[in-house]
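User: Could you walk me through a few spots in this model? I'll jump around a bit.

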Amino acid sequence: MDDSRTRRDSLASSSADGLNAARQSEAGLAEVFHLHRRRNERSGPTSERDYFFDTLAEYQWARDAAGLMPETVDKLVKPVIEICEYLDLVPWRLEPRDLDRYFAGPGKRARSTVRTKINTIDGYFAFLEQRYAGEISRRFDVMVESPVDPFNRPRHRGDFGLRVPPSQQAMREFFASWRRALPQSRKEAVACRDYVMAKIAYLSGVRAAELCGVCMRDVHWESGQWGRFLVQGKGARGSGPRQREAFLFEQGRELLWWYVVEVRGLFRDDPEHPSAPLFPSERLPATVAALNMPVAPPLVPSTFRRALRAASVLHLPGPVEELFPHLLRHACATHNYERGMSLWEVQRLLGHWWSTTTVRYLLTAQGDPEQAARRASAERAGQRLVANTGSLR
């Protein structure tokens with residue numbers, strides 16, 4: 001009897017505890033629903049704008065978690081903020097006509113710049129549609145749809161013009177003429193620096209920004225057969241700069257050695273400092289000069305571009321009238337391929353991750369499949385002859 005009474009009391013106590021827990025749970029759920037209703041009631045122009053910046057912050061976190069560099073992440077949100085600030089709208093209120101009106105008017109820039117910005121905006125809307133479409137629809141009663149529709153969506157066509165580099169003979173004449181004119185230059189050290197930069201860019205295929213960032217400690221004379229130097233290469237898929245080796249070859253080693261020994265010491269900084277740029281600027285900013293620093297600032301790509309253009313106008317034979325740094329890179333790839341370098345070797349020379357990128361640099365290469373087939377047949381015959389040498393008595 002006592003045992004049954006004890007069991008009944010225990011069951012009653014557990015039932016009371018479960019009822020109290022259920023009531024507390026219902027109260028908690030009521031509070032959650034109440035807070036959710038209050039958030040919806042506060043939804044207005046101000047809260048909608050705040051919500052927009054919250055999505056921007058999460059978009060930046062997501063791209064940072066994917067491994068993108070901070071500079072790249074910053075560039076991904078700038079076009080979105082730019083158009084929303086100008087039109088005073090949040091992104092999900094944008095329509096295709098708003099995008100057209102902005103980029104055809106106040107936001108009009110070079111075609112490549114507009115193309116990049118529109119693709120960046122479209123990427124942000126893909127993020128919104130994937131993560132926030134449902135919540136934005138519930139809170140603000142609007143469907144998330146990218147303003148980049150089939151009519152204003154950029155079509156990526158690579159370069160907008162075919163880059164035709166000068167011939168090998170034209171490049172030889174260009175550098176020979178420029179070299180002869182160096183002693184007559186008003187600033188001989190500066191002229192020699194620009195000449196060496198241009199020829200190293202042509203021989204090694206490095207970009208202007210990569211070449212301007214090379215320091216004295218980055219040159220390794222003992223590497224490889226003729227020495228190599230380190231550059232901060234362009235990253236693939238927005239991953240940021242990646243360090244890689246650039247090749248000097250025989251001509252580049254001889255030329256760079258002459259420059260380091262005879263010319264580099266004519267500039268006003270200390271060339272033996274490990275952080276000294278290989279190609280310094282001859283102009284020291286007032287703040288740098290006041291600090292009496294041993295390291296001069298490096299030459300900027302725009303200055304190198306102007307010097308190369310001026311030299312090409314004076315010394316480059318036709319039909320190509322002007323040179324710019326990236327055309328030197330195209331010339332390096334084309335001429336090395338024509339001289340027999342394989343596609344893989346050209347790809348490594350340029351520092352590309354994908355061979356499809358390298359192929360675009362070789363659109364003007366003069367190739368002869370028939371001659372290549374004859375060379376391959378001759379090489380195979382030679383290999384068979386060497387393999388059968390032991391059986392020839």
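User: Is Val73 buried or exposed?
Analyst: Val73 is buried, since its relative accessible area is 8%, where buried means under 20%, exposed over 50% and partly exposed in between, with a 1.4 Å probe and protein chains only. This is a predicted model, in which local features need pLDDT of at least 70 and side-chain atom pairs count only at pLDDT 80 or more, while totals for chains, interfaces and linings use all residues. Residues are numbered from 1 along each chain as its sequence is written, and side-chain values use heavy atoms, with hydrogens and water left out.

User: Which helix is Val73 in?
Analyst: Val73 belongs to helix H3, residues 70-87, a helix being a DSSP run of H or I with at least four residues, numbered from the N terminus. Its C-alpha atom is separated by 8.9 Å from that of Tyr59, 14 residues apart along the chain.

User: Switching to cysteines, how many disulfides are there?
Analyst: The search of the whole structure finds 0 disulfides, counting a pair of cysteine sulfur atoms within 2.5 Å as one.

User: And Cys84 and Cys215, buried or exposed?
Analyst: Cys84 is buried at 3% relative accessible area, and Cys215 also counts as buried, at 16% relative accessibility.

User: What about Arg305, where does that one sit?
Analyst: Arg305 lies in helix H12, which covers residues 301-315, and it counts as partly exposed because its relative accessibility is 40%.

Key:
Helices (H or I, at least four residues) and strands (E, at least two) are DSSP runs, numbered from the N terminus.
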